[in-house]
Structures are given as structure tokens and as C-alpha cells.
Amino acid sequence: MQDQIMPGQKEPADTVRIPVEALRTLLARIFERHGTSAEAAAILARNVADAQRDGADSHGVFRMPAYVSTLASGWVDGQAVPVVTDAAPGFISVDACNGFAQPAHQAAQPLLLEKVRSQGIALLAIHDSHHFAALWPDVEPYARHGFVALTFVNSMACVVPHGGKHPLFGTNPIAFAAPRAGGEPLVFDLATSAMAHGDIQIAAREGRQLPPGQGVDSEGSPTCDPQAMLDGGALLPFGGHKGSALSMMVELLAAALTGGNFSFGFSWADHPGAQTPRTGQLLIVIDPARGAGANFAQRAEALVQAMHDAGQPRLPGDRRYRQRRESLELGVALSEADLAMLTKLAEG
Ligand code: NDP
Ligand code: PYC
């Protein structure tokens, strides 16, 4: 994650502010112009604009050229119509048909909510999907319904398993959301790699060196140079064998269980310009009001208070919510260069 502008700090001189609705409209125009259906364009535009709004920079407007080049390469089907199957009382399967994961999720959401309300738990397994985004937008809304949600996505082989020699796992994020009585939902969203691939790209673009322990070069030697990690090198899991085990779990849940590709199981070599992983996603939604969880949100609040009492200065999600409030008040921050890039993509 890039350093954020802290309250009271000056933002760069070339920053422009744009209302989030205007940004969503501009991004939807880009998606549709470059080959998605109007429905997919609206869903993806909201996702990217909201990431930018929340300061989730590695999955904000920075991603737009890659979405466009991937669509142009023919690797992803922007017009795909997902097929939703009611597979079992607690199990929905969605074939994204080589389209983006977010429209597939949206197509299944009414059935998922119906199952969670009637049974207390349900699972959504999406396969043949492209997820190129932050994961928190997939879980936070469920916590606002009072539910607990967990999601797992695998990506592309760029992470060396612990003790291994070659990249095999994706950056394989996990996101979690839960309601809380006294504040915004508790949400965390983290890659199981030492850094997200998007943040490596941003660091390379800015010419910044990284702290030790994030990745290796093409020889497998440790490096702090993000460009060397991108040029034939790889990332490492976070936390050694622990992150590696979680990454393995994500491959099993997001790919083996859904019917999607493993991160090492697809090749985009015939599609120059392609950057979106063609894999799978698993989402589990639980109604905590069943069983002993009737006062879940109060228990969550008690835990938060205990964490603060223990000295934890901020919760996961706090930075995003703060950034969101600022963006809603002042407009979403973009650099002039990024706004020019978006305007060009909308026209070209
Ligand atoms: P970060 O390491 O930036 O943050 C991980 C989590 O930790 C966030 O919930 C963050 O909250 C929280 N956090 C960070 N610092 C602190 C702190 N000091 N105290 C308490 N909590 C903290 O995320 P990653 O770099 O691992 O991932 C970035 C994004 O990349 C994610 O949105 C992820 O979904 C996405 N990604 C997507 C992939 C895909 O295949 N689609 C693959 C890999 C990553 P906060 O947000 O408030 O800072
Ligand atoms: O940032 O690691 C990443 C990533 C992979 C796919 C989409 N984002």
C-alpha cells in the first residue's frame, strides 16, 4: 500500500477532485467503449471508482489501462452473461463464462441473500471468472445487512511458495467483513503475498525500492527492486510458511472448489496485453443471528473496545473509511495525469 496523505498533510499540487458519481460515469463510458456490456460497465466502474474513493490505490484508476488492454486482447469476454445454478440448499455455483467476477457475483446475489436469510449460511462459488479488483467491495455490503462474509480469490502465478524455487501461487487475497454495533463494519482485505502485485507495479513506476523480504529476482535471489520482481522475478508469501499455507488454501477454495483455474493453470501467452487472471472466487455469507450469534454486533464492539484498550491505534478498514469520508466531502482525488489518461481512454 502506498503511503497515504494524512489529515492536515498537503496533497500533491497536481491533484484534482472529482465527485464519485462523475468518476463512475467516466469509468463506465471507458468500459463500454472498450467492449463490455452496459451492465458490466456499470458494475466495474462502481468497483474501480469506489476503490479510488477509498484510497485503495493499487486497484483504483491505475488499473484502467490494464482493463482496456485485456479487453482489446480478447482474453476476457466483456459481454459474458453469467449462468447461475442453484446447486444445493447452501451452495450456488456461477459460471462467469470467461467474464468478470463482479457481474457474476451480482447475478447470484438475490439468490444468495435468500438462502442466507432462510438457512443462516450460504456459499457462492464462481468459476471461469476474472477478478482484477480489491475484494472489500465484495464483502462490506453483507456486513451492512448484518451478515458475516468471507471471500477468497486466486490470481496469476507470481508468488513462490515457502521454501520453493518458482512462482506458483497467485497473490491470493482474503477479505472478511462483520457488523459492529458502534461503528462501520469491521473489514480486512489482504493479499497473502508480501505485497499486492499492483503495489509492486506502482513502486516500479515511481522508482521506489522496497523493504527486504518482499520478493526475488529472475535468478531467485532476494531483491528490493520492484522492477526486478516484475522482470522474471516473483513475490514471496507474507509471513513465510504461514502466508504460504493461507495462499494454498485460497487456491483450493477459489479454484479447486469452484471449478476455476489454479493461478498456474492458465496461459494468456496468445493474448498479448492480457492482464486479468482467469480463475475463480469463493464467497461465504453467514447470518450470525442464528445460534449463539444473536448479539454478534455487540460482541464485535466489545472486541474492538478491548483492542483499543490494548493499545491498537487503528482497525483494518479505518484508513479506507477515513479516506471515503474525505472523498465524499471534497471529491475523489486524482492526479492530473490520471484524469488525462481516463479522458483519453473514454475517447479512444
Ligand atoms: P494492505 O497490506 O494495504 O492492507 C491489508 C489490510 O490490513 C487492510 O484491511 C488494511 O486496512 C489493514 N491494515 C493496514 N495497515 C494496518 C495497520 N497499521 N493497522 C491495522 N490494520 C491495517 O493490503 P494488501 O496490499 O495486502 O492488498 C491490497 C489490495 O489488493 C486488497 O484490496 C486486495 O484485495 C487487492 N488484491 C487483489 C487481488 C486480486 O486477485 N483481485 C490479488 C491481490 C491483492 P485499510 O484498508 O484501512 O488500510
Ligand atoms: O494486486 O496482486 C494484485 C492483483 C492481482 C490481480 C489483481 N490484483
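Reader: Hi! Before we start, which residues count as nonpolar, which as charged and which as polar?
Author: Ala, Val, Leu, Ile, Met, Phe, Trp, Tyr, Cys and Pro count as nonpolar, Asp, Glu, Lys and Arg as charged, and the others, Gly among them, as polar. Keep in mind that this is a predicted model.

Reader: Thanks! So how does the shell around ligand 2 divide up?
Author: That shell has three nonpolar residues, five polar and one charged. Its members include Phe132, Met156 and Ala196, along with Ser155 and Thr171.

Reader: And which atom of ligand 2 does histidine 59 sit by?
Author: A nitrogen atom, 2.8 Å from an N or O atom in the side chain of histidine 59. Arginine 63 has a polar side-chain atom 3.0 Å from an oxygen atom of ligand 2, and a backbone N or O atom of glycine 198 is 2.9 Å from an oxygen atom of this ligand.

Reader: How much of ligand 2 does the protein cover?
Author: On its own, ligand 2 has 240 Å² of accessible area, and the protein covers 95% of that.

Reader: Switching to ligand 1, which residues come nearest?
Author: Ala133, Asp189, Ala191, Gly317 and Arg319, out of 24 residues around ligand 1. For aspartate 189, a polar side-chain atom lies 2.4 Å from an oxygen atom of the ligand. Histidine 59 turns up here too: an N or O atom in its side chain is 3.3 Å from an oxygen atom of ligand 1.

Reader: Nice! Which elements give two or more residues to that shell?
Author: Strand S7 (186–190) and helix H10 (318–330).

Note on methods. Residues numbered from 1 in each chain as written. Chains lettered and ligands numbered in written order. Predicted model: local features only at pLDDT ≥ 70, side-chain atom pairs only at ≥ 80, totals over all residues. Heavy atoms only, no water. Near = heavy atom within 4 Å. Polar contact = N/O pair within 3.5 Å; in protein donor to acceptor, adjacent residues only side chain to side chain. Helix = DSSP H or I, 4+ residues; strand = E, 2+ residues; numbered from the N terminus. Areas by Shrake-Rupley, 256 points an atom, 1.4 Å probe, with all protein chains shown as cover.
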